[in-house]
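Here are a few notes to read alongside the structure. Please keep the view open as you go through the points.

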Amino acid sequence: MTVTVVVLVLAVVVFVWNKVPVGLVAIGVTLALYGTGVVSLEQAFGGFGDPVIIFIAALFVVSDGLEASGVTSWAGQQLVDRAHGSRTRLVVLLMALVAVVTALISVNGAVAALLPMVVVTAVRLRLSPSQFLIPLAFGAHAGSLLVLTGTPVNVLVSELAVGAGEEPFGFFSFTLVGLPLVLGTMLVVVLLGPRLLPNRAPTALPRDLSGHARLLAEQYALDDRALLGSDTGVTEVVVSPRSALIGAEAFPGMVTESGDLVIAAIQRGGEQVGPTTLQAGDALLLQGTWEALDRTTTDPDVTVVDPPQLLRRQAAPMGGRAKVAIGIVLGMVLLLATGAVPASVAALLAACAMVLLRVMTVSEAHRAISWTTLILVGGMIPLSVAIQSTGLADAMARGLVDVVGTDQPHLLLLGIVVVTVILGQLISNMATALVIGPIAVAVAVDTGLSPLPMLMGVTVAAAAAFLTPVATPANTMVLGPGGYRFGDYWRLGLPLTLLFVLVATFLVPVFWPF
């Protein structure tokens with residue numbers, strides 16, 4: 001137990017220090033627990049074989065399929081069309097959209113996909129992006145509680161419920177608290193946002209490629225209606241210094257050596273040229289399938305100006321693959337909602353379908369997976385096991401019960417929620433859930449209460465990552481584009497944190513009684 005406490009404390013300190021990659025910290029935790037004999041070899045590496053790892057990995061692929069097919073960009077454009085220049089309308093629509101997208105593709109994926117569109121929309125409406133980007137991130141956190149797939153934390157907590165002898169949380173179980181939290185978050189942002197959010201110029205802006213086809217058509221004197229499609233597109237490359245292409249003959253309309261791309265146009269020094277001998281610095285506009293264009297990013301002989309996949313996701317129209325992607329996601333949701341197959345099987349079937357039905361390529365699927373997240377979860381599961389097997393969870397639970405007493409279940413839940421909220425501002429919410437989850441179960445067992453309200457309270461509290469820009473990657477993503485400072489987050493985050501604590505403490509037990 002002592003060794004586990006030392007490892008836990010050191011892990012938290014290193015997480016907060018933020019100088020070591022989180023994946024290495026998780027692996028270090030695993031090796032430390034095995035090296036000191038706290039867990040066996042099977043327990044140390046069993047986390048990487050847990051079905052939850054498969055489920056999370058498959059969700060990354062499914063979410064990227066939605067983005068790659070243009071569904072997310074299309075939804076963002078619908079938001080722009082319906083905002084009509086109103087700040088309040090834009091905030092409400094934005095937060096509703098990001099909540100729904102998050103429910104399907106995760107917090108980080110939703111924020112990353114919608115971030116460029118939000119910045120461009122704000123600039124077009126002559127509004128400061130700083131008024132919208134923190135609401136974007138906070139709305140995503142609230143939306144993560146709408147359904148099971150909103151965040152890996154939901155999946156982890158559901159697994160803990162099964163380990164405690166209870167039924168897993170259903171696909172829409174989270175909606176009971178998630179929907180009030182989404183609506184409450186919107187209300188707080190609409191009422192308090194104008195006063196608590198800064199009006200500040202951004203320090204960095206993401207590239208807006210929504211009008212890139214028109215820009216390329218003007219530069220290369222081409223028809224923009226033929227440049228981008230759902231299956232084919234263009235990319236602009238520059239001949240690199242010392243490239244093997246220097247001295248090669250090229251002309252517009254020429255098929256490249258690989259046979260799957262066509263040179264649509266050539267420029268030198270900003271001027272259009274016909275048949276020529278290529279020189280370093282020459283710009284070539286290549287046309288072909290998106291899969292073929294994507295391979296140019298690994299070609300050492302050219303430098304890609306804008307990655308083809310980034311252009312595809314922002315500027316290509318939503319074609320037939322988008323409908324396929326939507327159908328796949330709906331099928332996955334149906335399987336998860338009915339419980340026809342285990343969650344990991346449903347997600348894996350959807351991920352495979354994304355590749356087999358050509359929504360995305362195998363290489364895109366590989367890149368879609370956040371290996372850092374998988375390593376973090378797999379590496380921290382042994383710590384969760386150690387907290388339970390060494391009796392540490394029971395000891396901490398008894399300490400909390402001794403302080404609060406057994407006749408105040410709401411106070412017990414409040415204590416767990418507050419600790420989760422504090423820890424969640426310092427380390428990832430997944431790591432927080434893995435640490436606090438077993439303690440919450442132990443509290444329930446020691447007091448004869450149901451573990452379900454305790455675990456759902458942990459879930460809600462883990463989503464309340466509002467007080468610092470380093471609490472989650474989504475918070476960090478909006479820092480530069482919004483021109484935010486460290487202290488900007490807690491001003492709006494504090495009332496939202498209070499809302500989440502109140503919901504976790506008083507509304508959760510209404511649906512999951514003690």
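At what angle do helix α21 and helix α23 pack, and how far apart are their axes? The points below start there. Bear in mind that this is a predicted model.

1. **The helix pair.** Find α21 at residues 451–462 and α23 at residues 488–511. They pack at an angle of about 165 degrees. Their axes are 9 Å apart. Angles over 145 degrees count as roughly antiparallel, so α21 is roughly antiparallel to α23. The crossing of the two helices is right-handed.

2. **Who touches whom.** On the α21 side, the contact is made by Pro453, Met456, Gly457 and Val460. On the α23 side, look for Phe500, Ala504 and Val508. Six of these contact residues are nonpolar and one is polar. None is charged.

3. **A loop residue.** Now go to Ala471, in the loop between α21 and α22 (473–477). Is Ala471 buried or exposed? Its relative accessible area is 4%. Buried means under 20%, so Ala471 is buried.

4. **Its partners.** Set aside the neighbours of Ala471 within four places in sequence. Ala471 is then in contact with Gly424, Gln425, Ile427 and Ala465. Gly424 is 47 residues away along the chain, yet the C-alpha atoms of Ala471 and Gly424 are separated by 6.6 Å.

5. **A length check.** Helix α18 covers residues 392–404, which is 13 residues. At 1.5 Å a residue, α18 should span 18 Å. Its end C-alpha atoms are 18 Å apart, so the two values agree.

6. **Inside and after α18.** Leu392, Ala393, Ala397 and Val401 of α18 are buried. Just after this helix, Gly405 takes a positive phi of about 100 degrees.

Notes. Residues numbered from 1 in each chain as written. Predicted model: local features only at pLDDT ≥ 70, side-chain atom pairs only at ≥ 80, totals over all residues. Heavy atoms only, no water. Axes fitted to C-alpha atoms, helices over the stretch in contact; angles between N-to-C directions. Helix = DSSP H or I, 4+ residues; strand = E, 2+ residues; numbered from the N terminus. Parallel < 35°, antiparallel > 145°, perpendicular 65-115°, else oblique. Left-handed = near helix turned anticlockwise from the far one by under 90°. Contact = heavy atoms within 4.5 Å. Nonpolar A, V, L, I, M, F, W, Y, C, P; charged D, E, K, R; others polar. Expected span 1.5 Å × (residues − 1). Buried < 20%, exposed > 50% of the residue type's maximum accessible area, 1.4 Å probe, protein only.
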